[in-house]
Amino acid sequence: MIRMGILQVLKTQLLCHLIICYVFLVSGLIINLLQLCTLPLWPINKQLARKINCRLGYSISSQLVALLEWWSGTECTLFTAPESYKLYGKENAIVVLNHNFEIDFMTGWTFCERFGVLGSSKVLAKKELSYVPVIGWMWYFLEIVFCKRKWEEDRKTVVQSLRNLRDYPENFWFLLHCEGTRFTEKKHKISMEVAEKKGLPKLKYHLLPRTKGFCVTVQNLRGTATAVYDSTLNFRNNEIPTLLGVLNGKKYHADLYVRRIPLDKIPEDESECAAWLYKLYQEKDEFQEHYRQTGRFPGPVTSPPLRPWALLNWLFWVCLLVYPLCMLLLQLLLSGSTFTVICTSAFCLAVSVGIRWMIGQTEIDKSSNYGNKEMQMNNN
């Protein structure tokens, strides 16, 4: 018990956070460089280049999964049918996720990791993210579908990117947050005003889904993906998990309800497909209501086993990168001037404060300039 208490205190320390961020950023840039080196291979053997990039991408994204699973100790319970469970990780699928929490993406990646498709998982992301080092550059080499959120300009690009995945050599999951942004009371109010104008049933726990991206994804992955995984996430004890909480080693318990829906049951016509998605979100609302009342989702319960690879990958990078950092800091302490030591300490403190501020601002930035944009995109 004493050891656990000391370990928990250690997880909240500034130095540990600095090391985690340092390892992630430096290892990510190294991997980005390795991905760049695969460019000459693409015209020679495209499929081999893709497989290599899947492994390199896994080495980055699995660090965030390790942070959630092993550092914070967050547990994930899966509610799903046994016959569906047998197929997870063995087929291409479109995964529809709700978007209520800061760590939705980490939980989604954990779901991917448990079934061995983390390195090849895909998302629909803003074009600006492709220019961001580490994650954005990794996504570029993983053939992530980027868009500008201007549908007239995006449609052709998105369609071509999706069609490029038809001969992808690895099983992949295409993760979609159809709501487009994280749930807040302000956004929910605006979204329900749109629903009222369109004559659509109002939702209690979700925003009105944006149908165009989903319909185009279904149309162009039909024959490549075999199912849609309708996934609804919640956390026990009404907890609201945060990235900072995970970084501080706080343990959460995620409950994920997943339904497997064969893709051939989804209408091909765009207007019918949109109506199908609206109905799906009404059902997701009912599942959330069931969870609020009973503390669990319907259906059988299972806990997909932890895989050691994310942890081993993380430890590899820690051992590789922390040792030279420690030697450098030791050299500064032993031979550097007092001014150098003070400046180095001040720099480390500033970086830590900056990282914490950025984490806090991430969701605030997502909320800015939302109102009219949400109304416009849903009306389109």
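**Interior of the chain**

Guide: Of the 380 residues of the chain, 49% count as buried, where buried means under 20% relative accessible area, exposed over 50% and partly exposed in between, with a 1.4 Å probe and protein chains only. The model is predicted, so local features need pLDDT of at least 70 and side-chain atom pairs pLDDT 80 or more, whereas totals for chains, interfaces and linings use all residues. Residues are numbered from 1 along each chain as its sequence is written, and side-chain values use heavy atoms, without hydrogens and water.

Visitor: How many helices and strands are there in the chain?

Guide: Helices (H or I, at least four residues) and strands (E, at least two) are DSSP runs, numbered from the N terminus. On that basis the chain has 14 helices and eight strands.

Visitor: Is Ala49 buried or exposed?

Guide: Ala49 belongs to helix 3, which covers residues 46–71. Contact means heavy atoms within 4.5 Å; leaving out residues up to four places away in sequence, Ala49 touches Thr38, Leu41 and Trp42. Because its relative accessible area is 0%, Ala49 is buried.

Visitor: Which element gives the most to the lining of the largest cavity?

Guide: A cavity is a set of points on a 1 Å grid over the protein atoms alone where a 1.4 Å probe fits but cannot get out, and lining residues have an atom within 4 Å of a point. The largest cavity holds about 70 Å³ of space, and among its 13 lining residues those closest to the centre are Trp109, Leu118, Ser121, Trp139 and Leu142. Two or more lining residues come from each of helix 3, strand 3 (122–126) and helix 6 (135–141). With three residues, the element that gives the most is helix 3.

Visitor: How many nonpolar, polar and charged residues are in the lining of the second largest cavity?

Guide: The space in the second largest cavity is about 50 Å³, and its lining consists of Leu97, Asn98, Asp104, Thr107, Gly108, Ser231, Leu233 and Leu256. Helix 5 (104–114) and strand 6 (227–235) each give two or more residues to this lining. Ala, Val, Leu, Ile, Met, Phe, Trp, Tyr, Cys and Pro count as nonpolar, Asp, Glu, Lys and Arg as charged, and the others, Gly among them, as polar. By class, the lining has three nonpolar, four polar and one charged residues.

Conventions:
On a 1 Å grid over the protein atoms alone, a cavity is a set of points where a 1.4 Å probe fits but cannot get out, and a pocket is an open set with protein on both sides within 12 Å along at least five of seven lines; lining residues have an atom within 4 Å of a point. Grid points are joined across faces, edges and corners, and a volume is the space filled by probe spheres set on the points.
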